[in-house]
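Here is a short briefing on a structure. Look at the sequence and the model first, then read on.

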Amino acid sequence: MGLLTFKGGVHPYDGKELSKNYPIEKYLPKGEMVYPLSQHIGAPAVPVVAKGDRVLAGQKIADAGGFVSAPVHSSVSGTVKGMEQRLTATGSMVNSIIIENDQQYEETEFTPARLEELSKEEILKRIQDGGVVGMGGAGFPTHVKLSPKDPDKIEFVLVNGAECEPYLTSDYRRMLEEPEKIVEGLRVMLTLFDNAKGYICIEDNKPDCIEKMKALVADIPRIEVKELMTKYPQGGERTLIYATTGREINSSMLPADVGCVVDNVDTVVAIYKAVLLGRPVMSRIVTVTGDAINQPKNFTVLTGTNMEELIQAAGGLKDHAAKVISGGPMMGFAMYDLHVPCIKTSSAFLCLEKDPVSEAQQTACINCGRCVSVCPGHVLPARLATFAEHGDMAAFEKYDGMECCECGCCSYVCPAKRPLTQSIKSMRKMVLANRKKK
Amino acid sequence: MDQMLHVSSNPHVRDKMSTSRIMQLVVIALLPASVFGIWNFGFRALLIILVSVVSSVAFEWLYDHFMHKQNTITDYSAVVTGLLLALNMPASIPLWMPVLGSAFAIIVVKQLFGGLGQNIMNPALAGRCFLMISFAGKMTDFAVSDGFRGVVDSVTGATPLAALKDHGFTDGSVPVWDMFLGNTQGTIGETSALAILIGAVILLIFKVIDLKVPLTYIGSFSVFVILYMLFSGMGFDGNYLFSHLFGGGLMLGAWFMATDYVTTPITVKGQLVYGCCLGVLTAVFRLFGGSAEGVSYAIIFCNLLVPLIERVTRPIAFGKGGKKA
């Protein structure tokens, strides 16, 4: 069988060897814990605790602010110190609950359940109450994703273990160390969709995971492991669906429109914990890596932990670090201040000694077509960027600018070092804002 | 944390390939053809190449300097233009001609249209055509060649293609094998298909070019020539076909000038269409036109079609019109 893939994409230096061989270590935070109320897409959560309250680990401290929203839980026991605006990894100030960690890790009572005894509604309720969101980075509330209009029309539940972002190894370690939790989570999801098959999708640069996972699902009739070609952005929602099912969705469609549900492996584990163990999202796996960190590692981190602490736990930054990125090098956010909390969607902190972006000198477009050949959205990035620079919104939309998935391949490959993705991204935001106005 | 961190929008990594590196690779890939040209046509060819390259770079620098623009000679594109221009000239021309050609190529065709990336025609070819039109005699006078070897037919000074044009068939005076190796008359860089192909392989290995344009160009050209042979009653003649393929500027044009990024469609389908247009037009010019050569005019003519080709070959965005559930 040929490897599954899509047309376009790039092969950046993957840097995974820096951290891939370090087993997941549990990191216990020392300082205060910060819980932003927006760790997801949708309405911010609403605090349900007040200053001075004592909270336990796993206790809900903020309730969902609507259907498309998710509650926030404390990951430690301690005292609520207050509520204030705090800087997050994406650079924005977000209302956050601050908790003084008493280092006791006293937990509230969790209520485990058996899958056979739960109805579909109860499963969804437990996922919603567990504060589960897309932990691959987008943070879309999972219970919303799992409640499509017609659940019977869902044919594929795709577990995204591609981890196509360079440097990241958190999903890799998860699949290697706790594959059975992923399979359990997937079984929970399949219970919701009677006509669906489950695919666990892994890039072929992780043969050990593929082997392990295949052995584990060999006797489960509805679950298969799919091998993907190693290429960025193989783990993008649209490219993943195309590679495994041959179906295409555009910017105005949802995966459910082509009978698919896609969730990252860490999300699937969160589903397992929320539904079967009754434990909400209190931790996640974070890769701290890059050539500017002294000892790259993979950690299990409690949400709310200060990132600066994590960097210290990984041996600290080298003297000449140029850039620290929350997430991977292709889609992550560059940070100017390391005092930000780890949230549900923080998959990695990448510290680089060199910043190729500031070193690159932009020259004129020579029309080489590299951006076109790598674009998984099959648009013309060079043209779109020019329209964006000229502020030509009509031409931008006519040339399918809204179909860009902002994967960054065009900027990566551009020999003239034009900020193609960046220009297109800004223009897309403007178009969306404009649509809202109407 | 005392140090300052860089902040920029994603992606945070870049491919190593840059514009100047691409241009450097093109120069390297042109070296086999250049060296062969010098070997074939002697010291004079080297002189033409040097004059052409130096004057191209000089005009680029002068224009940038006096128009108060950022200096762009470090991107090596002027070197490529100068070198290509030289390779498209006979070794016998007077030295002021490459200078004039460079001036036209760099200042009129490239800079007046906005510099690198904005020219609507390949500058080197436009420079060549400018000289062809203005000084047709000198540009088609191949009767020099003291050469380092002296094997070149310096009596008649006719290129194999011109002979082909005059006789309508190959008289066998120049074996196809010699045309492939380059033991013939022609411009400095065009005679040796072998040297050009070595350069093409370099470009392919470093992914500077791909096969789409050259193959559709050479393929559609061959198909047209074969059809012409069959319908004109000549019957299939392998010698005739290969003389057309290895004679004249087809190889140099297909691998090094038709593949010029700036004047090639950016879309994949467009590149295929463009290659086919080139092949057909070149064949039409060569078989039915007044001149033995057709490559230069075909390429600059198709350069002008590029915006139109791009408009009709826009790809369908992912998920728009593809397979649905």
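How many residues of domain 1 of chain A are in contact with residues of domain 2 of chain A? Seven residues of domain 1 touch six residues of domain 2. Two residues are in contact if their C-beta atoms, placed from the backbone, lie within 7 Å. This is a predicted model: local features need pLDDT of at least 70, side-chain atom pairs count only at pLDDT 80 or more, and totals for chains, interfaces and linings use all residues. Residues are numbered from 1 along each chain as its sequence is written, while chains are lettered from A and ligands numbered from 1 in the order in which they are written.

**Domains of chain A**
- Domain 1 covers 115-277 and domain 2 covers 370-437; such bounds come from an automatic or database domain assignment.
- The C-alpha centres of the two domains lie 29 Å apart.
- On the domain 1 side of their contact there are two nonpolar, four polar and one charged residues.
- Ala, Val, Leu, Ile, Met, Phe, Trp, Tyr, Cys and Pro count as nonpolar, Asp, Glu, Lys and Arg as charged, and the others, Gly among them, as polar.

**Where the chains meet**
- Chain A gives 55 residues to the contact and chain B gives 36 residues.
- The chain B side has 17 nonpolar, 13 polar and six charged residues.

**The sheet in chain A**
- Six strands form an open, mixed sheet in the order β1-β14-β13-β17-β15-β16.
- Strands (E, at least two residues) and helices (H or I, at least four) are DSSP runs, numbered from the N terminus.
- Two strands pair if DSSP finds at least two bridges between them.
- The edge strands are β1 (25-27) and β16 (333-335), and each pairs on one side only.
- From one strand to the next, the twist averages 30°.
- Helix α3 (residues 170-177) of chain A lies across β13, β14 and β17 of chain A, at about 125° to β13(A).
- Axes are lines fitted to C-alpha atoms, for helices over the stretch in contact, and angles run from 0 to 180 degrees between N-to-C directions.

**A closer look at β15(A)**
- Strand β15 (residues 323-326) runs antiparallel to β17 (residues 348-352), joined by four bridges.
- Lys323(A) has Leu352(A) as its bridge partner in β17(A), and Ile325(A) has Leu350(A).
- On the β16(A) side, the pairing is antiparallel over three bridges, and Ser326(A) partners Phe333(A).
- β15(A) and β16(A) form a hairpin with six residues between them, and Gly327(A) in the turn has a positive phi of about 105°.
- Lys323(A) and Ile325(A) point one way, Val324(A) and Ser326(A) the other, and all are buried.
- A residue is buried if 20 or more other C-beta atoms lie within 10 Å of its own, exposed if 12 or fewer, and partly exposed in between.

**Nonpolar cores**
- A nonpolar core is a set of buried Ala, Val, Leu, Ile, Met, Phe, Trp, Tyr and Cys residues joined through C-beta atoms within 7 Å.
- The largest has 145 residues, and those with the most contacts inside it include Ile200(A) and Phe349(A).
- Helix α7 (residues 265-277) of chain A gives this core its largest share, nine residues.
- A second, separate core of 79 residues includes Ile38(B) and Leu281(B).

**One residue of chain B**
- Ile299(B) is found in helix α14 (residues 295-312) of chain B.
- Why does Ile299(B) count as buried? Ile299(B) is buried because 29 other C-beta atoms lie within 10 Å.
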